[in-house]
Amino acid sequence: MLIVANWKAYIEDLKRAKKLFAAGKRLVRTTGIGIVLAPPAPLLGALASGNKSKVAFSAQDISLTTGGAQTGESTAGAYVAAGATYAILGHSERRAAGDTDSIVAEKLARACASGLTPILCVGERERDGEGRYLAFIREELTAALGGLPPKERAKVIVAYEPLWAIGRTAAFAIESNDLAEMVLYIRKVLAELLPGKSSARSLVLYGGSVEPENIRALAASSGVDGFLIGHASVDPDMFPRLLKQLV
Ligand code: PGA
């Protein structure tokens, strides 16, 4: 299992950040579950430099640029220097701020070129009765992965995050049978896009209102490899409870 804690802009002070990092280190040791923290960039730099623990770090996004005269941009290379090994790309909150499919595809290429493991977010805005949301997911995956050399595609982690389930509570998250169907579908599309049998090793995560109340059921029968967790990952009470549901 892999848990990616997307701190978004919830955490703004180093004291809280350090406490959450300490909890993450404890939980990796006691549960054996892989934990990736995605703090805001300056806090990532403060926490990840000299990190010797098993907790890994992720950028929440990376710049489209490769550097140079680009005020305010944080490139993939700068994230690597700060200690990140993953990058969340195509999150719906970044797409809402202007990231198109082609921008997401370019960022994927930048991340791979710098050695960051991309966590590609895909997800429909709403579910229709005719299954058009499935075609939408296929398009997002194809647009993002299609531009990468086949060997690089196999490194991408896919996070399925339906927009209608983000930032709410467990009661509004996906049902585990619907998630199981989507995970199967994503694996089928990946099998078409990736060379040989390499998609068998691809990780598929779920994100959107994962809380201690629903994580166990979502993990049990859906075939997901882990979760991308927002608000519950910055709650010092909920985060350990989430992890404990998985062991
Ligand atoms: P949430 O956010 O857990 O607060 O729904 C998930 C995400 O947007 O990655």
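Me: Which hand is the crossing of α5 and α6?
Reply: Right-handed. A crossing counts as right-handed if the near helix is turned clockwise from the far one by less than a right angle, and left-handed if anticlockwise. This is a predicted model, so local features need pLDDT of at least 70, side-chain atom pairs count only at pLDDT 80 or more, and totals for chains, interfaces and linings use all residues. Residues are numbered from 1 along each chain as its sequence is written, and side-chain values use heavy atoms, with hydrogens and water left out.

Me: At what angle do α5 and α6 pack, and how far apart are their axes?
Reply: The angle is about 45° and the axes are 7 Å apart, with α5 covering residues 101-114 and α6 residues 132-145. That makes the two helices oblique. Under 35 degrees would be roughly parallel, over 145 roughly antiparallel, 65 to 115 roughly perpendicular, and the rest is oblique. Axes are lines fitted to C-alpha atoms, for helices over the stretch in contact, and angles run from 0 to 180 degrees between N-to-C directions. Helices (H or I, at least four residues) and strands (E, at least two) are DSSP runs, numbered from the N terminus.

Me: Which residues of α5 and α6 meet?
Reply: Asp101, Val104, Ala105 and Leu108 in α5 meet Glu140, Ala143, Ala144 and Leu145 in α6. Contact means heavy atoms within 4.5 Å. Six of these residues are nonpolar, none polar and two charged. Nonpolar covers Ala, Val, Leu, Ile, Met, Phe, Trp, Tyr, Cys and Pro; charged covers Asp, Glu, Lys and Arg; the others, Gly among them, are polar.

Me: And how do α6 and α8 pack?
Reply: At about 40°, with axes 10 Å apart; α8 spans residues 176-193. They are oblique to each other. The crossing of α6 and α8 is right-handed.

Me: Which residues in α6 and α8 meet?
Reply: From α6, the list includes Tyr133, Leu134, Ile137 and Leu141; from α8, it includes Met182, Tyr185, Ile186 and Val189. The contact of α6 with α8 has 12 nonpolar residues, one polar and four charged.

Me: New topic. How many aromatic pairs are there?
Reply: Two. Rings of Phe, Tyr and Trp (its six-membered ring) pair if their centres lie within 6.5 Å; planes under 30 degrees apart are stacked, over 60 edge-to-face, and the rest tilted. Phe21 and Phe57 are edge-to-face, 5.3 Å centre to centre and 70° between the planes. Phe21 sits in helix α1 (residues 14-31) and Phe57 in strand β3 (residues 56-59), so the pair ties together parts 36 residues apart in sequence.

Me: Are Phe21 and Phe57 buried or exposed?
Reply: Phe21 and Phe57 are both buried. Buried means under 20% relative accessible area, exposed over 50%, partly exposed in between (1.4 Å probe, protein chains only).

Me: What about Tyr160 and Tyr206?
Reply: That pair is tilted, 6.2 Å centre to centre with 50° between the planes. Tyr160 is in strand β6 (residues 157-160) and Tyr206 in strand β7 (residues 204-207), 46 residues apart. Both tyrosines are buried.

Me: Backbone now. What is the phi of Lys8?
Reply: Positive, about 45°, although Lys8 is not a glycine. Most residues other than glycine have a negative phi. Lys8 lies in the loop between β1 (2-6) and α1. Lys8 counts as buried, at 15% relative accessibility.

Me: And the phi of Ser209?
Reply: Also positive, about 55°. Ser209 is in the loop between β7 and α9 (215-222). Ser209 is buried, at 4% relative accessible area.
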